[in-house]
Amino acid sequence: MLFSTDDAGIVDQFLREAARVEIMPRFRNLSSHEVRQKSSAMDLVTDADEAAERMIAKGLGQIFPHAVLIGEEATEHDPSLLTRLADAELAFLIDPVDGTKNFASGLPLFGVMVAAIVRGEVVAGWIHDPIGNDTAMALRGEGAWIEHPDGRRDDLRVASSVAIGDMSGCASWHHMRGPMRSTVTANLAGFGAVACYRCAAHEYRMAAAGHCHFLVHSKLMPWDHAAGWLLHREAGGYSACFDGSPYQPKLHEGGIICAPDAESWRTIRERLIGPT
């Protein structure tokens, strides 16, 4: 099963409606009891996350009744959901509010991410920006674009390759452990500019649109990366895990580097970590 542009539009409407009804009314309007800590002070969940996930899952379940629905918050309560991802005929990964720490802090850097997985392969991805009210979409083999509320589309294309010293990018190094964390953070100084927006949704949108050259993430929970990985790939980019192996949504560790092309990937990887 591959998704059509009509299918993509239907899913987009679910994301937009969840953002309008459940997310934006709570933005900068959360009470203390509506924000809860999960694994750390940086890992939060809010009433908006849970309500939006329920709304999106309900809509997807009505249109795709046989799909496996794997939401970040549902998986927090039932980790066994992830075991159904690799073999499902059709599965949806749902990250209802990516960048929850930003959302809870009143920062307008958060997004809604959904990916469609067919027998372990990412076939469609959506990253909705509730603030800008537009959605970055990708269909496998059919490109990536921004869909505006009025129906206009802007095709997405990654940046051209440049020298390391001229590269800008985003590196989420705070999840790295031990020697790799020290090595990577020291070597980031050789790049032109490096940031971390605490929001994979916006980082993937930036890279796919050519507004930065590379992304580096060490934590690979599938709802954080599947949609963005396809968006970046369909926009002409190249990515691979730290060891050079292809990214797969069933992977939870191993890190990922996204770059304009394979040669840039090798150059970035060698500068940050060393040769494969």
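Reader: Does Trp229 count as buried or exposed?
Author: Keep in mind that this is a predicted model. Buried means under 20% relative accessible area. Trp229 comes out at 9% relative accessibility, so Trp229 counts as buried.

Reader: Which ring pairs with that of Trp229, and is the pair stacked, tilted or edge-to-face?
Author: The partner is Tyr247, with the ring centres 5.6 Å apart. Planes under 30 degrees apart count as stacked and over 60 as edge-to-face, with the rest tilted. The planes of Trp229 and Tyr247 stand at 45 degrees, so the pair is tilted.

Reader: How many residues apart are Trp229 and Tyr247?
Author: Trp229 belongs to helix H7. Tyr247 sits in the loop between strand E13 (238-241) and strand E14 (256-259). The pair links distant parts of the chain, and the separation is 18 residues.

Reader: And is Tyr247 buried or exposed?
Author: The cut-off for buried is under 20% relative accessible area. Tyr247 has 5%, so Tyr247 is buried.

Reader: Back to H7: are helices H6 and H7 roughly parallel or roughly antiparallel?
Author: H6 (residues 200-208) and H7 (residues 222-234) pack with their axes 9 Å apart, at an angle of about 10 degrees. Angles under 35 degrees count as roughly parallel. That makes the two helices roughly parallel.

Reader: Which residues of H7 make the contact with H6?
Author: On the H6 side you'll find Ala200, Tyr204, Arg205, Ala207 and Ala208. By class, the contact has six nonpolar, three polar and two charged residues. The H7 side is Asp224, His225, Gly228, Trp229, Leu231 and His232.

Reader: Which strands of the sheet does H7 touch?
Author: The sheet is open, with five strands in the order E11-E10-E12-E14-E13 and mixed pairing. H7 packs on this sheet, its direction making about 25 degrees with that of E14. The strands touched are E12, E13 and E14.

Reader: Which strands stand at the edges of that sheet?
Author: An edge strand here has a single partner strand, so one side is left without a neighbour in the sheet. That goes for E11 (193-195) and E13.

Reader: What is the bridge partner of Ser172 in E12?
Author: Strands E10 (residues 168-172) and E12 (residues 214-217) run parallel, joined by four bridges. For Ser172, the partner in E12 is His217.

Reader: Which residues do ring pairs link into a cluster?
Author: Searching the whole structure gives seven aromatic pairs. One of them is Phe27 with Phe110, whose centres are 5.0 Å apart; both residues are buried. The cluster links Phe27, Phe103 and Phe110.

Terms used:
Residues numbered from 1 in each chain as written. Predicted model: local features only at pLDDT ≥ 70, side-chain atom pairs only at ≥ 80, totals over all residues. Heavy atoms only, no water. Axes fitted to C-alpha atoms, helices over the stretch in contact; angles between N-to-C directions. Parallel < 35°, antiparallel > 145°, perpendicular 65-115°, else oblique. Contact = heavy atoms within 4.5 Å. Nonpolar A, V, L, I, M, F, W, Y, C, P; charged D, E, K, R; others polar. Phe/Tyr/Trp six-rings, centres within 6.5 Å; stacked < 30°, edge-to-face > 60°. Buried < 20%, exposed > 50% of the residue type's maximum accessible area, 1.4 Å probe, protein only. Pairing = 2+ DSSP bridges.
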